[in-house]
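Have the sequence and the coordinates open as you read.

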Amino acid sequence: MTEKHEETNQALVKAQGFWQKYQKPVLIVVTAIVVVLGGWFGYNEYILKPKEEKAADALFKAQEYFAMDSSKLVLDGDGQSKGVLYVLKNYSGTKAANLCNYYAGVSYLKLGDFNNAVKYLKDFTTDAKQVQLMAYGCLGDAYAELNKKEEAVESYKKAAHTFEKDESNSAEYLFRAALLQESAGKTKEALDLYKELKEKFPRTEKGFQADKYIYRLSIEKN
């Protein structure tokens, strides 16, 4: 028993010695962690959360105009309610502002302002794959209108590969990528894309059309 008590006492003495030596840096680290966690909670609860709610409220009417295809009202509002450009300026960093990049990009695309369409669509990201698919596709359209074929092809390919369960839209954007490659004189790349289209999406409209393009380019290639 005595030996065990001695061992216990020695361990306790060592522990006390360690604490006396390192208590200051340990307390500094612990305090820093508490401050960081408290700050993070406070920021989320009292700054970010109200900001998100205000941004969502400001976006509500613009979403209705987007569904109505009223692009200018989506961007600038109607005088009483705000547009997405206001939300982007005043509520940056919120989920609503991120969504506004999509609404703004698509609206500018419809209005023929392709540079602004690219600007906003490039800044949009989402975990909702079907929406991301459409964003990449619209970005490809904007690049194509600006005659930036390489960028357009890459965006179309991203659209086609983002959510392949949406076979119709995936096939459509893969088809557009192939057409652009063909128009740029890149026969091999175009042929590969048409073959991918036929293989992956044979039951879609563009999948049915792929055979004639594959046949024509195969003849030209040979």
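What follows covers ring pairs, charges over rings and cysteines, in that order.

Please keep in mind that this is a predicted model. Searching the whole structure turns up 10 aromatic pairs. One of them joins Tyr 108 and Tyr 120, which counts as stacked because the ring centres are 5.7 Å apart and the planes meet at 10°. This pair links distant parts of the chain, with Tyr 108 in helix 4 (residues 95-111) and Tyr 120 in helix 5 (residues 114-122), 12 residues apart. Tyr 108 is buried, at 11% relative accessibility, and Tyr 120 is buried too, at 13%.

Tyr 194 and Tyr 213 are also stacked, since their ring centres lie 4.9 Å apart with the planes at 20°. Here the link runs between helix 9 (residues 187-200), which holds Tyr 194, and helix 10 (residues 205-221), which holds Tyr 213; the two tyrosines are 19 residues apart. Both of these tyrosines, Tyr 194 and Tyr 213, are buried.

A single aromatic cluster brings together Phe 66, Tyr 102, Tyr 103 and Phe 124. Phe 66 also has a lysine over its face, Lys 110.

How many disulfides does the model contain? The count is 0. As for individual cysteines, Cys 100 is buried because its relative accessibility is 0%, and Cys 138, at 10% relative accessibility, is buried as well.

Definitions and conventions: Residues numbered from 1 in each chain as written. Predicted model: local features only at pLDDT ≥ 70, side-chain atom pairs only at ≥ 80, totals over all residues. Heavy atoms only, no water. Disulfide = S-S within 2.5 Å. Buried < 20%, exposed > 50% of the residue type's maximum accessible area, 1.4 Å probe, protein only. Phe/Tyr/Trp six-rings, centres within 6.5 Å; stacked < 30°, edge-to-face > 60°. Helix = DSSP H or I, 4+ residues; strand = E, 2+ residues; numbered from the N terminus. Lys NZ or Arg CZ within 6 Å of the ring centre and 35° of its normal.
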